Amino acid sequence: MSDSRSPVMKLFSTIWGVFVFLFRAVIVISFLVSAALMWFIFKGGQPAGVEDNVALVLAPSVVLVEQFDDDPSRKLLEGFAGEAPAQSRLRDLIDALRHARSDARIPFAVLRMDGLAGAGLPQLQELVAEIQAFRAAGKKVIAYGPWYDQSHYLVAAAADEVVLDPMGMVAIEGFSSYNNYFKEALDKLGVDLHVFRVGEYKSAVEPFTRNDMSAEARAASLEWLGDLWRDYGATIAASRQLPATAADDYVKGLGAGLAKVNGDAAAYAKESGLVTQIEGLTAFRKRMAEITGFDDEHGSFRQIHYLQYLAATQRERAAKLPAAGANKVALVVVQGEIVDGAGAVGQAGGDTIADLLDEARRDQDVVAVVLRIDSPGGSVWGSEQIRRAVQNLKADGKPVVASMATVAASGGYWVAMDADQIWAHSSTITGSIGIFGMLPTLDRSLAKLGIHTDGVGTTPLSGSFRLDRPLRPEVGTIIQSQIDKGYRDFIQGVADGRKLPLEKVDEIARGRVWSGGDAKDMGLIDHLGGLEQAANAAAELGGLSVDSYRLDERFPPLDFASQLLASLSGSVRIDLLPGVTPWLRTLTEQADLERVLSSFNDPRGMYAHCFCRPAPAAAR
């Protein structure tokens with residue numbers, strides 16, 4: 001049917017329609033913004049001050065990270081739902097403890113680790129060091145847990161008191177590295193996986209080429225896992241003033257020990273010297289309330305969560321920092337798998353990190369840079385972009401110090417090798433200097449379904465990289481030659497950056513994983529220490545004293561919507577919920593096919609990646 005309205009009426013109708021749409025949009029947006037602001041004011045707005053005589057509660061949740069990299073919308077939803085945040089930042093815990101050392105309003109700290117589901121050994125050791133400094137300032141730390149898994153206990157052991165629920169357990173079992181192997185399954189499916197690598201220890205591809213662990217990977221894994229286990233035992237022994245073999249003895253004697261105490265795991269932990277007191281939560285709260293008084297509203301002792309404490313003391317802590325000016329040491333974090341391009345949430349985009357480093361290079365107030373790395377590597381091209389940005393900083397006269405956290409292996413080492421200094425923990429997982437590539441072909445799989453591929457091409461290489469065709473031998477030769485060159489570039493870069501003979505680098509490379517302690521002995525790293533020591537070293541290289549610089553953390557840019565969501569979710573007070581088990585979390589991550597596939601996006605199909613994070617004892 002034709003429209004009989006006049007052109008003028010049509011014009012006014014269109015204008016009115018646009019007006020109504022805009023009006024409705026404004027109403028909807030205003031409602032959402034108002035709701036968010038009301039929530040922000042009443043739940044996460046201006047923090048209350050710190051009352052006198054309250055306990056500082058250190059209760060990290062889910063995963064301990066170097067820098068927040070989760071979706072701001074997820075954080076906002078967690079706040080609305082009253083859920084524990086999916087990530088806790090290590091520096092927040094350290095900053096809270098550091099400021100509370102001299103805060104007369106905080107008489108002691110309470111440690112609750114049972115909400116934490118994942119953390120690296122070096123991260124936990126940095127937290128232990130800060131707890132020790134807190135105690136050295138004359139303040140007590142009291143740990144309470146309904147259950148201590150392996151990572152929980154390492155931190156709890158550093159407290160003055162380690163309190164365990166009567167039905168609880170100290171669940172230490174040692175470190176392990178187990179993988180699922182898929183060769184038989186791939187054979188049954190008719191998938192041919194063509195692997196190209198250098199180094200007999202580059203075991204990242206073994207799950208796809210074998211049904212079990214190779215002898216080389218087994219020997220190397222046992223060595224670095226053994227280093228980590230000895231480090232763990234030494235930390236506990238020093239904290240609890242026990243023999244060096246206390247952790248190992250506890251695990252090996254668990255069966256007989258439990259039989260002796262009729263299965264009472266809490267009693268066995270106390271007899272072993274790992275806990276100081278067995279006490280239920282109600283009794284624990286009453287005992288703490290004898291010091292701080294009782295909070296009738298919350299039914300517990302008077303306390304302040306460490307995130308609330310940080311928000312309430314923001315101005316106080318800022319006043320202690322050196323005056324603004326040309327005294328910044330920039331902190332750039334490489335966290336997660338390194339990918340080509342900008343990267344998604346939870347990934348380290350090569351272009352994104354390179355841009356952050358370039359911003360620091362162009363910032364006249366920045367005198368040096370700390371590159372904090374917690375990454376197993378990934379894309380060779382993405383790693384190379386970060387390395388080149390490090391080189392550009394050095395060329396402009398700004399020193400760069402690499403600080404390795406839990407894992408800085410393969411591509412994670414690639415980005416560090418040109419730094420002026422490399423710092424790591426003795427329990428850092430590093431090395432894995434090697435390159436690999438993988439190309440599956442599905443022609444046999446498709447043939448089982450009655451699907452066949454045929455056609456023509458103008459050259460022998462035309463269509464050779466199709467996954468539905470067999471891999472031609474000359475194509476395999478081409479790919480392997482690129483992998484070989486990538487490996488030569490890698491070890492030559494290590495040799496140049498660390499001032500080592502090329503032959504020695506080749507000997508200790510070949511994809512082998514090392515602990516930080518072994519890596520220092522070999523010259524792959526320069527010093528043992530944490531982020532603070534690395535930052536101090538960077539400041540000194542930049543001509544500043546250790547008490548005259550600001551650590552200026554740089555964050556990947558967010559779009560406007562993400563910035564708004566991040567601002568609304570930044571100071572949420574939450575109640576802790578138990579974390580999922582590390583195994584279940586790992587399984588969930590592996591099942592996220594989109595995330596896994598997106599991390600393998602190197603334009604040349606070359607990867608410096610290490611599947612080498614140890615599996616800790618499972619959380620309850």
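This is a predicted model: local features need pLDDT of at least 70, side-chain atom pairs count only at pLDDT 80 or more; totals for chains, interfaces and linings use all residues.
Residues are numbered from 1 along each chain as its sequence is written, and side-chain values use heavy atoms, with hydrogens and water left out.

Let me begin with the whole chain. The protein chain holds 25 helices and 27 strands, where helices (H or I, at least four residues) and strands (E, at least two) are DSSP runs numbered from the N terminus. Of its 620 residues, 50% are buried, and buried here means under 20% relative accessible area, while exposed means over 50% and partly exposed lies in between, with a 1.4 Å probe and protein chains only. The accessible surface of the chain comes to about 29,100 Å², and 57% of that belongs to carbon and sulfur atoms; these areas come from the Shrake-Rupley method with a 1.4 Å probe. If we take the contacts (heavy atoms within 4.5 Å) with a separation of 6 or more, residues 24 or more positions apart account for 76% of them.

Now to the strands. In general, strands of a sheet pair through backbone hydrogen bonds, either parallel or antiparallel, and two strands count as paired here if DSSP finds at least two bridges between them.

Strand β2, residues 62-65, pairs with β3 over three bridges; Leu64 has Ser88 as its bridge partner in β3, and Val65 has Arg89. Towards β5, strand β2 is joined by two bridges, with Leu116 as the partner of Val62.

Why is strand β6, residues 140-145, described as largely enclosed by the rest of the structure? It is described that way because five of its six residues are buried. Strand β4, residues 108-111, pairs with β6 in the parallel sense over four bridges, and Ala109 stands opposite Val141 in β6. Four bridges also join β6 to the parallel strand β8, residues 161-164, where Glu161 is the bridge partner of Ile142.

Ser177 sits in the loop between β9 (170-171) and α6 (183-189), and, because its relative accessibility is 17%, Ser177 counts as buried. Leaving aside residues up to four places away in sequence, Ser177 touches Met213 and Leu225.

Finally, the cores. A nonpolar core is a set of buried Ala, Val, Leu, Ile, Met, Phe, Trp, Tyr and Cys residues joined through side-chain atoms within 4.5 Å. The largest one has 67 residues, and those with the most contacts inside it are Leu56, Tyr153, Val170, Ile172 and Tyr232. Beyond residues up to four places away in sequence, Ile172 touches several residues, among them Tyr153, Trp229 and Tyr232. A second, separate core of 56 residues includes Ile338, Val366, Trp414 and Val475.
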